[in-house]
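Hi,

Here is the structure I promised to pass on. Have a look at it first, and my notes follow below.

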Amino acid sequence: MDILAHALWTGAAAKFVHLKTRQPLRVGWAAMWGVFPDLFSFTIPAIVRIWWYLTGTTRSLLPDARSAPHFQYVWQLYHCSHSLVVFAVVFGLAWTILRRPVLEMLGWALHILIDISTHQGIFAVHFLWPLSNYGFNGIRWENRWFMAANYAGLLAAFAWLWVHKRKVRPPLVSNSDAPAAN
């Protein structure tokens with residue numbers, strides 16, 4: 001799934017959990033954890049490619065045959081950041097150190113769960129890495145029909161949150177409706 005949709009889904013999920021449980025959740029941090037796996041995997045190679053482009057080392061920002069050996073480490077970063085095993089260890093460590101669960105980090109887990117069903121081929125998520133290299137061949141998130149359905153789902157989710165938030169909020173009292181002060 002694209003990085004914007006990951007941020008929006010994790011933000012919507014955090015807001016939903018907050019509305020339903022009244023747990024204090026920082027939506028921005030949840031959204032950040034929701035995009036973390038992709039940022040962790042692809043930021044360094046993107047910066048390198050941009051630097052190479054700006055310095056004239058390459059004529060294109062897209063990978064080419066000459067650049068492939070330089071970026072093999074990206075696959076390890078990708079498998080690491082898209083692993084439920086790694087997530088569980090890091091989440092458990094954070095919980096142990098802070099003596100409370102960092103619920104915003106669940107955005108990372110949601111990212112992995114979404115990607116399991118929306119990636120295939122070389123990008124199939126090895127969600128049990130390093131214990132297993134198994135990857136489920138899901139649908140391609142780049143398909144137009146899926147992108148349309150995904151963003152329609154996001155629109156519906158945010159509409160539901162907006163309506164629900166309005167129902168929960170107490171009505172405003174205007175000055176003319178307020179009881180007179182004695």
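Which side chain meets that of E142 in a salt bridge? The partner is R140, with 3.6 Å from N to O. Please keep in mind that this is a predicted model. Both ends of this pair are partly exposed: E142 has a relative accessible area of 41%, and R140 likewise has 41%.

In total, the structure holds two salt bridges. The other one joins the side chains of E104 and R26, at 3.4 Å from N to O. This pair ties together distant parts of the chain, 78 residues apart: E104 sits in the loop between α4 (84–98) and α5, while R26 sits in the loop between α1 (3–21) and α2. E104 is buried, as its relative accessible area is 4%, whereas R26 is partly exposed at 44%.

Helix α2 (residues 27–54) packs against helix α5 (residues 106–118) at an angle of about 50°, and their axes lie 7 Å apart. An angle between 35 and 65 degrees counts as oblique, so that is the word for how α2 and α5 are set to each other. The crossing of α2 past α5 is right-handed.

As for the residues involved, α2 brings A30, W33, G34, V35, F36, P37 and D38 to the contact, and α5 meets them with G107, W108, H111 and D115. By type, the residues of this contact are six nonpolar, three polar and two charged.

Best wishes

How values were computed
Residues numbered from 1 in each chain as written. Predicted model: local features only at pLDDT ≥ 70, side-chain atom pairs only at ≥ 80, totals over all residues. Heavy atoms only, no water. Axes fitted to C-alpha atoms, helices over the stretch in contact; angles between N-to-C directions. Helix = DSSP H or I, 4+ residues; strand = E, 2+ residues; numbered from the N terminus. Parallel < 35°, antiparallel > 145°, perpendicular 65-115°, else oblique. Left-handed = near helix turned anticlockwise from the far one by under 90°. Contact = heavy atoms within 4.5 Å. Nonpolar A, V, L, I, M, F, W, Y, C, P; charged D, E, K, R; others polar. Salt bridge = Lys/Arg side-chain N within 4 Å of Asp/Glu carboxyl O. Buried < 20%, exposed > 50% of the residue type's maximum accessible area, 1.4 Å probe, protein only.
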